[in-house]
Amino acid sequence: MSTGEWIEMSYVWHETRVLNCPVCGRLILRKAWQFDGGDGLLRVCSESCEELYESYWKHAHGSMKGQ
Amino acid sequence: MPETLKLDSVGLHVLHNALANVAAEMALVMMKTAYSTIFNEGLDFSTVLLDREGNLIAEKNYTPSMMGAVPNTVRWALEELGEGFFEPGDVVVHNDPYRGNCHMPEHMMMKPIFRDGELVAFAGCIGHVAEIGGKAVGSFASDATDCYQEGLRLPPVKLFERGRYNEQVWRIVLANHRTPRNTWGDFHAMIGALNVGERRMAALFDRYGRDVIREGSARLIEYSERRLRAEIAELPDGEYSAEMWVEDDGVSTDPFQVKVAVVIRGDEVIADFTGSSRQVKGPMNAVYVVAASAVYNAVFCVTDPMTLIPRNSGCYRPIRIIAPPGTVVNCEHPAPSVGGNTDLQPKLIDLLLEALAPAAPDMVAASTGGSSSNLLFGGIHPETGQFFSNYHYDGMGTGATLSKDGNDAETTRHSNCRNTPIEVFEQRYPLLTINHGLVPDSGGPGRHRGGLATYRTLKVTSDEVTFSALFDRCKIRPHGLADGMDGMGSEILVRRAGESTFRRFDEAFGVASPTKFTNVVLYRGDELYYRTAGGGGYGPPAERDPRLVLADVRDGCVSRDAALRDYGVSADQLEGGT
Amino acid sequence: MRLGVDTGGTFSDFIVIDESSGEIRTAKVPSTPSNPPDAIRAGLSNLASADSVDQIVVGTTVATNAVIQRQGPRVLLITNDGFTDVPFIARLDKERLYDLNWSRPRPLVLRRDSVGVRGRIDHQGREVEPLDHSSLEAIQAWLLTQAGEEPPVVAICCLFSYLRANHEQAIAEFVRSVRPDAVISLSHEVSPVWREYERASTTITDAFIKPVVDQYVDGVGAELRQRVRAGEWNLLASNGGYLRAEEASRRPVRLLLSGLAGGVIGASFFARAAGHPSVFTLDMGGTSCDIGVILDGEQQYAQQFQVAWGVPVSLPCVAVDTIGAGGGSIIWRDKGGLLRVGPQSAGAEPGPVAYGKGGTQPTLTDANLALGRLDPGYFLGGAMQVDAEASLRVLGELGTGLGLSASELALAAVRTADENMANAVRLIAVDRGLDQRDFALVAFGGAGPLHARMVAERLDIGTVLIPPHPGLCSAFGAAIAQARVDRVRSYYFRSDQPYRPQLADVEREVVDDAVRELRRSVEVSEPHVIRSAALRYSGQNYELEVRLPDRDLDGEGWQELLRRFEAEHERQYGFALPGEAVELIHLRATAMREEKPPRLWSFPAVGGEPGYRPVWFGDDGPENCAVYRREQIPAGLELAGPAIVEDADSTTVVFAGDTFRADESGVLILKLGGSHA
């Protein structure tokens, strides 16, 4: 049962940088999925990424340090 | 009055064919009207149809290298810009690798399709535009250290706004490409394809109605996902790992590493690249969609080799990719990436197939030559006084498999571009082809032999021609599988007019890498020779049927010495016996 | 009296046209690929007055079959030193992207038989290295030892030989000096067109099939000379023209895929006769569906075709696209539960389930039998017994898995096939820049008339034309073919260069070449010549075909040609680029003997009342439908659908709301009802 939520990312039209999901590497654009990764809050690209983190990433690489 | 289409096992197939046909029509238009050879001879482009959320519903994809982009790039642009950004008659373009293009020359265009004032779909296309500025002629800077040297980078911007040219953007683009006339032609070819897509989709909406198309597309996506999951479920669960070294990056001569763990669990696949090197200085970095293309490619080889599953977002969902940002498989701005698409991608595919070998031994192959063997050149043509530039590539050996030898002189796994005939090449460029053939002994020995590489020698027949090159698999050769041996490595050499021997480019010109350099000028009478890499062998060479070895010797694919040394077969003995 | 023969995979069709009486006689016999003259003999003995025929044209598959089955001699390829791998490198591309066990098709020559000689011509036709006769000695050894007793078969292909042929000619002379019995094909004669791989492939293929075609011409010629008055006989070529048989065997590569051309020519004749000069042709047989285009009465041509993937031939041919949809197309359910039709086919063996030859998978023919569209009692005019019950049963079994009854499944399968064919036609239209709605659809072959009406509806085409004897349209096309030669030569020139008189000289040579070749087949005092050129803007990759002005290609003629190109570019692509350099790529000449179009034949109707039987048209169940024999329908009378019209070799389906009538020309003209006026 996820306790995550979508959060709005700030976006201005003249921003040239992009942000990549720390778990899977996809782009995070206008909104991110934020959840507790076990070692802080993590912002990933989608709920499916949280599932990937919980079911695989965490076991393979340990908890990711969040904010 | 829309016609009834039941979305059952019959109607869904009919709808799929209708959508695929629209994408095919778009592709035809693009092919016939584009200027760049890479479009029409090379077929280096794709056309797509997407729903209003940017999910892929049909594609015509000639070039597998774009597979990672087609389900992601348009969707990301839509997310970033927001649905409200788009209006009828708009065309958006971008080539930003950090936003989902394979590398800078690839340009993605998208056109929103409206119905009764509401956004219902997108038509899109991706194509390689031959010249986009940057430090190297032909926009292939093998020693680029950042994206700015690679060419003009466009974030998503409108080329057309409400049906009218967005002239300011066009002016900037054309002023920054070396062959603006070509860009003009190619862009119009792509826009023409989008317009065809819009018209044909409108006809489909007329015919079946919006609801049916919306629901049918969703069902087709579910269908493809279900199909691929069923195929994946048939593979044995497990974690399959492999790692490789790549010899250099064009700027530094340090090799770098890629590691992958392919996890098959139930009906999904995870490709985890954690542990791969940090992104490198030169343009051998892959962006996310390139790593994704490689993964999709390898997975399809072992699950759907005959391409029976309709390609849409659904067939990409069961394949999950972990490409850590800042690594060589998902580089971050401003890391250069032009060679990541052409040269890291084929090696990633080889690596993934190697990893998957235990899971699907009859569907994988040993390494291919693993490089697009990129040779870019340009100059002024002595017969016309006009500027020319060309992106030249060649075939290489493919890896042997459990059941057969590799193929000779084939394009990389991620592309299907045809070569330029010599008679066309010499008409266009002031270069005389001295010879061009298959390289004997280049196939990795094995029970099944790797395929042969190609070689070519060119002589400059004008005052000067400027060359850039990005080759690979010179120092680290294509590997065999199951005790098969490595294929022969590549090389690229130069012989200055009046000299007697060919030398490596790092020796002759002091460039950092023997295979990756930018803007080297050669003069009349200078000769350039290259040899691509051969395919890896499969199985122990001692197990190869001696009659096959003899046939290889007779056909000049394997020399007598190599037959004895690698296979333990004495051709003389065998011939005496027969 | 004209005789046309079409040799198919299963059957050989014969048609004799008596131009004085208007009578047509036909015969259909099983093909005998292992000994072709047998089928010729059998067919002729079924035809009365075959002995009074004065023109014979035979469409044969012997050349195509030899290539597909790779039945032929070892060929020696002689090319430039350093380029002996051109046939093996090919174009680098692959037929399958993800099948790692796919093998590149082998060329028709072995690597050990590809030999290079020193010598080089460049892109301007200059000799940059003279032919080194000492390097010819390696060839001598091959000719004497490898070829042995049999006449050696040799293909010679040198770079840029279409600009300067002296090296190829010298090599041929040398070969003949060592082996006067050698069979030689020279690339500059076979196909003087650029792109060395395709030209080499064309030349090698020509050499490869020479022995089998020679044997065919001897065998069939002997058979014909015994039975028919005509001394000469002809073979149908891939460009839809005929060549005298002995002439054809001089360069047999012209015979490849000629069977496809016959159908288009026959269809073209009837389309014009029925008043529709622009049509798509749909020839649907047992395995495949061949689609052609006729624009304003003229066949469309392609400049290259593939006999099979990996065997390109760069010769002008009637443009036909083939898709895997035929009567034998298998109906199946894929792993995801979707209904599929084809492209696999049950062919003629085992064939549809109804044939009772062991077929277990339902095919389109089974579906049409189940729907009542085909009459099991009148299959092939009654010549063949088929079991429609078996069709229903197998369809029922497959239908269970899909939740459909046998009839529902049959209907769905037929619709799916119709969609596939319509999609293919649409792509062809787009490829050629045409709007298919401006066209009519001519359907023939065993299965074409069964599906044409629905295919037309999918394409918004309002008129369907069914020629008389639709199953024999290809033989008819052979019978009415004209003598025609197409020659093309690559010649590069640019509009931003000063005009040179050599351009006019080369162009004249191409015309002379074509006329000379025509005269080897027929006597003609004033050949009809069509001259054209392939041009494009510098930088583009596709050429446009432009007719040459009616004058020499001198300075003014060249300017006129450039003007015509711009106009054509504007017309096809919607824009021109005045001031941009234009490149000339090829020069083409077509030489034909103008012949009177064959007389229209009247087809007296026998009259009578139609039969009736239940036929499925839509989801609501079968309708009691009128069934006509073709010969019952008098010319001019308009009838309404729903209806079935049966020929001995094909069946036409007409839907409710449609109207149809038999035209004076014998063509059945079907006007779609509904929104198609």
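How many residues of domain 1 of chain B are in contact with how many residues of domain 2 of chain B? The count is 21 residues of domain 1 of chain B against 22 residues of domain 2 of chain B, where contact means heavy atoms within 4.5 Å.

Before I continue, some remarks on the source. This is a predicted model, in which local features need pLDDT of at least 70 and side-chain atom pairs count only at pLDDT 80 or more, while totals for chains, interfaces and linings use all residues. Residues are numbered from 1 along each chain as its sequence is written, chains are lettered from A and ligands numbered from 1 in the order in which they are written, and side-chain values use heavy atoms, with hydrogens and water left out.

Let me stay with the two domains of chain B. Domain 1 covers residues 9-226 and domain 2 covers residues 365-544; these bounds come from an automatic or database domain assignment. Their C-alpha centres lie 31 Å apart.

The size of an interface is often given as the accessible area lost when the parts come together. Buried area here is the accessible area (1.4 Å probe) that two parts lose on being put together, summed over both. Between domain 1 and domain 2 of chain B this area is about 1,700 Å², and carbon and sulfur atoms give 61% of it. Of the area that domain 1 of chain B buries against domain 2 of chain B, 35% is supplied by B:Val137, B:Phe140 and B:Ser142, more than by any other three residues.

How many salt bridges are counted between domain 1 and domain 2 of chain B? The count is 0, a salt bridge being a side-chain nitrogen of Lys or Arg within 4 Å of a carboxyl oxygen of Asp or Glu. The rule does find 6 residue pairs in polar contact across this domain interface, both residues at pLDDT 80 or more. A polar contact is a pair of N or O atoms within 3.5 Å; within protein, one must be able to donate a hydrogen and the other to accept it, and residues adjacent in sequence count only if both atoms are side-chain atoms.

Next, the contacts between chains. Of the 2 pairs of chains that touch, chains B and C have the most contacts. Chain A and chain C do not touch, and their nearest C-alpha atoms are 25 Å apart.

For chains C and B, 67 residues of chain C are in contact with 88 residues of chain B. The two chains bury about 7,000 Å² between them, 51% of which comes from carbon and sulfur atoms. C:Leu92, C:Tyr98 and C:Leu100 supply 13% of the area that chain C buries against chain B, more than any other three residues.

Between chain C and chain B there are 6 salt bridges. B:Arg207 and C:Glu419 have side chains that meet in a salt bridge, at 2.8 Å from N to O.

Which elements give two or more residues to the side of chain C that touches chain B? Among them are helix 3 (86-89), helix 7 (196-227) and helix 12 (406-431) of chain C, helices being DSSP runs (H or I, at least four residues) and strands likewise (E, at least two), numbered from the N terminus. Helix 12 of chain C gives the most, with 9 residues.

I turn now to chains B and A. Here 25 residues of chain B are in contact with 22 residues of chain A. The buried area is about 1,900 Å², with 49% from carbon and sulfur atoms. B:Glu80, B:Arg320 and B:Ile322 supply 26% of the area that chain B buries against chain A, more than any other three residues.

The rule finds 1 salt bridge across this interface. B:Arg320 forms a salt bridge with A:Glu51, and the closest N and O atoms are 2.7 Å apart. Helix 3 of chain B gives the most to the side that touches chain A, with 5 residues.
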